Amino acid sequence: MSDRSYLSIAPISRRAFLALSAGAVASLPGVSLYGGEMSKGTTTLILGGGFGGIATAWHLRGALSTEHRVVVVSRERSFQIGATKTWVMLGQAEQDKVTRSLDALSAHGIRLLHTEIERVDLSNMQAITSDSRLNADYMVIALGAELDMSLVPGLSGAAETFYTRSGAVRLRGILKEFKGGKIIIIIPQLPFQCPPGPYEAAMLINAFLEGRNIRNRSSLDIYTVEKAPMATAGPAIGEYIVGLLKERGIGFHPLSQIQVVDGSGRTVLLADGTKVPYDLLLAIPPHTAPRAIRKSGLVRESGWIPADPKTLELTDTPHPGKIFVIGDAASVPLPERFAPDIPLVLPKAGIFAERQGRAVASRIAGAIQGNGTSDSFDGKGFCYIEIGDEKALRGEGSFYEMPHPVMNPRTPDHIQYAEKKAWVESWMATYL
Ligand SMILES: Cc1cc2nc3c(=O)[nH]c(=O)nc-3n(C[C@H](O)[C@H](O)[C@H](O)COP(=O)(O)OP(=O)(O)OC[C@H]3O[C@@H](n4cnc5c(N)ncnc54)[C@H](O)[C@@H]3O)c2cc1C
């Protein structure tokens, strides 16, 4: 076993050590951060304690004996499933009821290191924080996406968003006080997390306004850079979503290039010169790869880290079989496409981050134990799309299907809405 397998923190990094969840360290018998016992076993560093990082850690911990360390490095102290942000926005759930502390990982024997990763040094298999270098035998990059309103001129300060935790809480107060008027939702850039998210939110806001008897005093429109909703999943699902919007009187404006937002004049200017006035502006913030990844030179042409579709290994890894990238931070090419000129990539969704994490955990455990077991990610996943009035539909997606990805939506009903709630609750109860 090489020195590299230690979770080695330089002696000066007392602060980082103290930042470790006390429970997490104490709950691991025989493991010391500084002591000699660290020479036993391997260290897997999981960068990011979100959807994918939590699932990877949980599955890997379950597959390995306790001499092998599973360490999650996270800037956040807690986790909230993205799907619950619209519930918070509309007052259907309290923020603290849908958020769990990551300290719960310690109960599974996973170490939690609460700190900011500044950079990743793949050649040396290290994650670098402000005061430490964390060594790894295996590394899983699960740092998600960064949301950056500043990438569209005028957007910051003018737009609200339900894509962040604080944004959803803020919007809750705004929508509660809303007296009616022109609401627009803009999608200025691709890709973004959860492709049905903005459409689902529009339908939920529609139902919310109806419930408050102000829908007849309001208009609701979506301006998107996309040609159709959920384009990766194929034209049929796009038409289906557009049909749902139409039934609810929600305007859909595809291929809208947002040029600039004039917050004081409450107007969005499109590239074709159209001026769109609004009373309330909701935006899906532009997404980029996290700064730590960009600073480490890991981002390629796509703006994200290219990953092998099945193994999730970095495509240009210096250490084959040892470094993986999962979830939103990854760019996973799809084998086929609907339009020959538009290359497709796997959508950014938590269900994929989770299932990728599970496959990666199996591969790492197989390599450590030398038993040859290794799952592959199959490109499958599902999502629930709420349409209002406590109804939802479940879409089953198979994105590695030939000749093109497949997504089969079911007819919306109350049962699938209940299923969605049960899925969220069981996810949190299982992993945290
Ligand atoms: C409104 C909304 C609804 C959604 N609904 C669904 C849904 O119904 N189904 C679904 O499957 N997906 C849904 N999603 C998408 C889903 O939330 C994301 O795709 C998923 O969280 C991606 O998982 P991840 O592990 O890649 O990243 P994340 O879950 O974002 O985790 C990444 C973590 O890394 C941390 N991090 C980043 N940089 C650093 C650093 N330098 N140092 C330390 N930590 C760092 C971040 O703070 C974060 O905690 C939704 C998203 C939104 C916004």
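Okay, let's start with the ligand: the residues of the shell around it split into 16 nonpolar, 13 polar and six charged. Bear in mind that this is a predicted model.

How many residues surround the ligand? There are 35, and the closest are Gly48, Gly50, Gly82, Gly144 and Gly327. As for elements, the ones that give two or more residues to that shell are helix H3 (51-63), strand E2 (69-74), helix H4 (85-89) and helix H9 (350-369).

And where does the ligand lie? Well, domain 1 (3-145 + 289-369) and domain 2 (149-287) both give residues to the shell, so the ligand lies between them.

Now, zooming out for a second. The protein has 10 helices and 24 strands, and buried residues make up 47% of its 432 residues. If you take the contacts with a separation of 6 or more, 70% come from residues 24 or more positions apart.

The other thing I wanted to show you is helix H6, residues 197-211. Its 15 residues reach 21 Å from first C-alpha to last, close to the 21 Å expected at 1.5 Å a residue. Of those 15, 12 are buried, so H6 is largely enclosed by the rest of the structure. Among the buried ones you'll find Tyr199, Glu200, Met203, Asn206 and Phe208.

How values were computed: Residues numbered from 1 in each chain as written. Predicted model: local features only at pLDDT ≥ 70, side-chain atom pairs only at ≥ 80, totals over all residues. Near = placed C-beta within 6 Å. Helix = DSSP H or I, 4+ residues; strand = E, 2+ residues; numbered from the N terminus. Nonpolar A, V, L, I, M, F, W, Y, C, P; charged D, E, K, R; others polar. Domains from an automatic or database assignment. Expected span 1.5 Å × (residues − 1). Buried ≥ 20, exposed ≤ 12 C-beta atoms within 10 Å, placed from the backbone. Contact = placed C-beta atoms within 7 Å.
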